[in-house]
Amino acid sequence: MSLTPVENELLVAGLFALGESTKRGAGWGARFAARRIRADIFETAVELPLSLPAARELVGRTLDAVGARTAEAQAVLGSGALNLNPAVVTVVLRDRAEGVVVATVRGVAKEGLIPQRAGRKAARRVVEHLIGSRLR
């Protein structure tokens, strides 16, 4: 698995914003570093006993609840230590059988020297929210 250009740009922009929020001008250093550090990429799948339109609606509500949507099935949310590390989560839905949809959840975040597994944590948070919302 590799980082897509869209994911990379969203993460770099998120780290730039975080740097600028701490000290004016620090965003440029964060952007420079973000382009060079590795990414934590994690994918998992969950079955949802819903129709495809209902699953799309559930995914949309979930992404709105946990982060800021950047596309129909993609959001940027905080993850890692104190939820300060931006992570990009993308959900891909596909019909498996009548009344069953498989949601593949991909979480991506930049990793510094100390591995925080922020991409993994973000993806799992979305999966937990999907499963919890479905049970309510």
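Which residues line the largest pocket? Keep that in mind while you get your bearings.

This is a predicted model, where local features need pLDDT of at least 70, side-chain atom pairs count only at pLDDT 80 or more, and totals for chains, interfaces and linings use all residues. Residues are numbered from 1 along each chain as its sequence is written, and side-chain values use heavy atoms, without hydrogens or water.

**Whole chain.** Show the cartoon. The protein has four helices and five strands (DSSP runs: H or I of at least four residues, E of at least two, numbered from the N terminus). From the N terminus, the order is α-α-β-α-β-β-β-β-α. The C-alpha trace spans about 50 × 25 × 20 Å along its principal axes.

**Largest pocket.** Select Leu15, Leu18, Ile37, Ala81, Leu84, Asn85, Pro86, Lys110, Glu111, Gly112 and Gln116: they line the largest pocket. Helix H1 (5-22) and strand S4 (85-97) each give two or more residues to this lining. A pocket is an open set of points on a 1 Å grid where a 1.4 Å probe fits, with protein on both sides within 12 Å along at least five of seven lines; lining residues have an atom within 4 Å of a point.

**Gln74.** Select Gln74 next, in strand S3 (residues 74-79). Gln74 is buried because its relative accessibility is 11%, and buried means under 20% with a 1.4 Å probe, protein chains only.

Key:
Buried means under 20% relative accessible area, exposed over 50%, partly exposed in between (1.4 Å probe, protein chains only).
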